[in-house]
Amino acid sequence: MSSPDSPIAAVSQRVERFLEQQLNAVDGFGDEAAAFVRSGAAAATGGKRFRARFCLAGWRAVASAGGRPDSVVPDAVISAAASLEVFHAAALVHDDIIDNSDTRRGAPAAHRGWEGRHRDAGWTGDPEGFGRSAAILLGDLLVAWSDDLLEEGLADFDDAVRAAAARREYARMRRDVTIGQFLDVAEESAHVAVPAAEHAERALRIASLKSARYSVQHPLLLGATLAGADADQYDALSTFGHPVGLAFQLRDDVLGVFGDEAATGKPVGDDLREGKRTLLVAFARERLNAGAAQVFDELIGDPSLSREQIASLQQMIVDTDALQRVEDLIGTWADEADRALRGAALGNAAVSELRDLARAATVRTA
């Protein structure tokens, strides 16, 4: 059992202990295997632990409802929250490959790190191709680890019905985020065949699948399911989680275009270089005249964009009110989420925690 006053520390400790076990398991496999597993451990270390926090909050919201005192967090919940963090690491590794990102959290992205190792070791072949291949496999390994962590926690859980429901919740999360990631990739090519008036709706669908459900809604519901949420509690947390998740993604989109490199750990305007067809971009395109839209489309997705070109695109986004419209939506969804908690049969302290988490997810600089 975890100490009730340090559950997020317990999650980090669970991740660290699991990763140490994985390192020990490849003892004797050779230097390359050990380096590969160490890079997986590095990818799963650090971060804000948002998904784990929402999972723990979902459990606590149900476990403390009806005036029941806060209970000690079961190992199954700690392991489930830890598994979300390892899965998130896998998603970031694969996302960086897809986006051709050079950095992650101020350090080389996994594929760039393996590319550098190839060069430094003087190996034969294409360093860039090797780096991408290694990182694809690294992401796959992290996905497998996340499943292992979840199952380790559920193995001794004393409620088989809740355990089965938790597995289904986790499976839905994996499905939704994978499909959302594909749609995100597809939209960078498919947008040319779709009327501009439909771009915003398509961008929102991607935001829902790729981020809102995976980052907030499913983690919340995973924790709530393990706590034995009834239908009303489940619906309240679901109705709260989705708009928070959408606002979380829109804040991410804003930071991807206007964020401070020192805070985000990624170059300013990186989403523009990557050609991300976000709601911010869709709103801008709606109000550009034909000539400006052509220039906008010619620039977005060019990995060699200069700072001056980035600044020009940023100004277009501001001048079309796209930035303000997105900021307004973030506020609207935050309010919608807050309303979902009013009168819900959830623990009072946990509801306050959920509101704090919503603010942290939507009002941030990194």
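Does Asp-321 fall in the buried, partly exposed or exposed class, and what relative accessibility places it there?

At 39% relative accessibility, Asp-321 counts as partly exposed, where buried means under 20% relative accessible area, exposed over 50% and partly exposed in between, with a 1.4 Å probe and protein chains only. Asp-321 is found in the loop between helix 14 (307-319) and helix 15 (322-341), and its phi is near 70°, a positive value in a residue other than glycine.

Arg-49 also has a positive phi, near 60°, and its place is in the loop between helix 2 (31-43) and helix 3 (50-63). With 9% relative accessibility, however, Arg-49 counts as buried.

## Basis of the model

The model is predicted, so that local features need pLDDT of at least 70 and side-chain atom pairs count only at pLDDT 80 or more, while totals for chains, interfaces and linings use all residues. Residues are numbered from 1 along each chain as its sequence is written, and side-chain values use heavy atoms, with hydrogens and water left out.

## Overall fold

The protein chain contains 16 helices and two strands, which are DSSP runs numbered from the N terminus (H or I, at least four residues, for helices; E, at least two, for strands). Its radius of gyration, taken over C-alpha atoms, is 21 Å, in agreement with the value near 21 Å for a compact globule of 366 residues, the globule rule being 2.2 Å times the number of residues to the power 0.38. Along its principal axes the C-alpha trace spans about 60 × 55 × 35 Å, and 51% of the 366 residues count as buried.

## Helix 9

Helix 9 (residues 231-258) has 28 residues and reaches 40 Å from its first C-alpha to its last, close to the 40 Å expected, a span defined as 1.5 Å times one less than the number of residues. Because 20 of its 28 residues are buried, helix 9 is largely enclosed by the rest of the structure.

## Nonpolar cores

A nonpolar core is a set of buried Ala, Val, Leu, Ile, Met, Phe, Trp, Tyr and Cys residues joined through side-chain atoms within 4.5 Å. In the largest one, of 70 residues, Phe-54, Leu-142, Leu-237 and Phe-240 touch the most other members, and helix 4 (residues 75-99) gives the most to this core, with 13 residues. A second, separate core of 30 residues includes Ala-200, Leu-250, Ile-310 and Leu-313.
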